[in-house]
Amino acid sequence: MKEDRSSKSIIIREVWANNLEDEFNLIRQLIGNGKYNFISMDTEFPGFIYSPKVDYLHLKPSDNYDCMKANVDALKLVQLGLTLSDASGNLPDLGTNNRYIWQFNFRDFDVERDLHDRKSIDMLHRQGFDFKRNVSHGVDSFCFSELMLRSGLVFNSSITWVTFHSTYDFGYLVKILRRSHLPTSLEKFLSNVRELFGSNVYDMKYIMQYTNALVGGLEGIANTLHVNRVVGKAHQAGSDSLLTWQTFQKMVKTYFPNNEVQKYAGVIFGLEVASCLEVDISGSRCPAVVNHKVTCCFRSHPSISDRSVHIASIQNQSKSI
């Protein structure tokens, strides 16, 4: 009889400095076996300290980028959540009676000395964040970047990324992986995103406007689609990454039954720019995407065999900016 994986409990694997390398070794193995090619992510950070310089009704993508860059350059990442899944929506069980998602806790942010928004910090406290523990036991972003660049999560054309309103998610990851402030231009930033994460990126906040039904934030969309949070709390990155993935699956099944969602790959909400070229996403293997050619904003990115060259390229860019 086939095992029912959905009956297994879901455990958040908390990642700290002392188990960072071991957890990345597990992730590398899962990616390397070619099965878990769907990654959903979420981040938590210390709020926003800069606002757009123009009225919200007149914001252009470049204005959104400038505001995001100002905040990301000035602030530090607190937490990253990753959910890995196969094409059928199964999470890895690592040969146990449970299923697993990941939550990386960073040490870089110190609430006593670093810039932050007080209301955001108070909200994260209420959700269970222990900022003192993060400082004493958390992951150093430099060590994280070294391991992530070689994990198979980036520079990998077989990976599909699923996000919700991911401008800041990608902003913080690009900053960490480049070890530098973000590029001065939106175009250069999008080039970095597609070099690292590829063209198979789905931002639910962008896609849901084409449902003519869904509005609001992640929690509200999940409630509308009757998707329950099965582990953790809101504003905990691991839990939110899982809710993002499960809500995306339900959204595609409900509103894009003929795989129309493929048309919206490669666009980050708020940073929409004119389509730039035709790319082949036939290797995406997204369960919601038919093999097809589409016009989108992200250029195809390097094969896995080219990783070492592009890791050096990313690191050299950080030294020159």
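**Before you start.** Numbering runs from 1 along each chain as its sequence is written, and side-chain values use heavy atoms, with hydrogens and water left out. In this predicted model, local features need pLDDT of at least 70 and side-chain atom pairs count only at pLDDT 80 or more, while totals for chains, interfaces and linings use all residues.

**Whole chain.** Colour by secondary structure and you will find 11 helices and eight strands; these are DSSP runs numbered from the N terminus, with helices being H or I of at least four residues and strands E of at least two. Of the 321 residues, 55% are buried, meaning under 20% relative accessible area with a 1.4 Å probe and protein chains only. Taking contacts (heavy atoms within 4.5 Å) between residues at least 6 apart in sequence, 78% join residues at least 24 apart.

**Gly-81.** Now select Gly-81, in strand 3. With 0% relative accessibility, Gly-81 counts as buried. Show its surroundings: leaving out residues up to four places away in sequence, Gly-81 touches Ser-40, Met-41, Asp-42, Trp-102, Gln-103, Ala-237, Gly-238 and Ser-241.

**The nonpolar cores.** A nonpolar core here is a set of buried Ala, Val, Leu, Ile, Met, Phe, Trp, Tyr and Cys residues joined through side-chain atoms within 4.5 Å. The largest has 50 residues; select Leu-82, Phe-104, Phe-144, Met-148, Trp-161, Phe-189 and Phe-197 to see those with the most contacts inside it. Elements giving this core two or more residues include helix 1 (20-32), strand 3 (79-85) and helix 7 (186-197), but the largest share, seven residues, comes from helix 6. A second, separate core of 24 residues includes Phe-38, Tyr-202, Leu-225 and Trp-245.

**Helix 2 against helix 6.** Finish by selecting residues 61-74 and 167-178: these two helices pack at an angle of about 50 degrees, with their axes 10 Å apart. Axes are lines fitted to C-alpha atoms over the stretch in contact, and angles run from 0 to 180 degrees between N-to-C directions. Helix 2 and helix 6 are therefore oblique to each other, the class left once under 35 (roughly parallel), over 145 (roughly antiparallel) and 65 to 115 degrees (roughly perpendicular) are set aside. Show side chains where Cys-67, Met-68, Asn-71, Val-72 and Asp-73 of helix 2 meet Thr-167, Tyr-168, Gly-171, Tyr-172 and Lys-175 of helix 6.
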